[in-house]
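Keep the sequence and the 3D view open as you go.

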Amino acid sequence: MTSTPSPSNLDPEIAARLKRSTDGLVPAIAQQYDTGEVLMLGWMDDEALHRTLTTGRCTYWSRSRREYWVKGDTSGHFQWVKSVALDCDADTVLVKVDQVGAACHTGARTCFEADVLLEDGAGSGTAASDQ
């Protein structure tokens with residue numbers, strides 16, 4: 001069963017390239033366009049990606065509410081789209097945005113501030129050349 005409630009208007013050439021999860025979604029990473037700061041991860045189906053590409057505002061699929069949500073409509077913390085790219089496998093979307101206000105639902109600037117597991121690579125034991 002897919003999460004998409006209706007057919008999409010996404011360009012068929014783009015849709016054909018996407019590698020989706022079993023529920024029809026692709027992860028979408030939101031990144032601040034000028035600083036490179038990773039803000040959040042959301043989920044998009046074909047229609048959410050289409051809306052993001054055509055409106056200039058990030059649209060995600062809420063897995064819990066099973067509906068589309070446009071970042072900022074309720075919080076006022078908008079994501080204005082600067083660019084959209086697929087990764088090399090076409091299974092992840094990178095959306096570079098101009099974030100207004102907090103990106104995280106907790107009110108934090110990013111969703112990756114509260115639980116840092118490793119910083120500055122101390123103790124990682126893995127050289128960059130090993131990856």
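**Notes on cysteines and strands**

1. Let us begin with C58: its relative accessibility is 0%, so C58 counts as buried. Buried means under 20% relative accessible area, exposed means over 50%, and partly exposed lies in between (1.4 Å probe, protein chains only).

2. C111 is partly exposed, because its relative accessible area is 36%. For C111, the nearest cysteine sulfur belongs to C104 and is 3.5 Å away, and C111 is in no disulfide.

3. A word on the source: this is a predicted model, where local features need pLDDT of at least 70 and side-chain atom pairs count only at pLDDT 80 or more, while totals for chains, interfaces and linings use all residues. Residues are numbered from 1 along each chain as its sequence is written, and side-chain values use heavy atoms, leaving out hydrogens and water.

4. Six of its seven residues are buried, so β1 is largely enclosed by the rest of the structure.

5. Which strands pair with β1? Two strands pair if DSSP finds at least two bridges between them. Strand β2 (residues 38–44) runs antiparallel to β1, joined by six bridges; P27 has W43 as its bridge partner there. The two form a hairpin with five residues between them, and G36 in the turn has a positive phi of about 85 degrees.

6. β1 also pairs with strand β6 (residues 93–99), in the parallel sense, over five bridges. There, A28 has V93 as its bridge partner.

Technical notes
Helix = DSSP H or I, 4+ residues; strand = E, 2+ residues; numbered from the N terminus. Disulfide = S-S within 2.5 Å.
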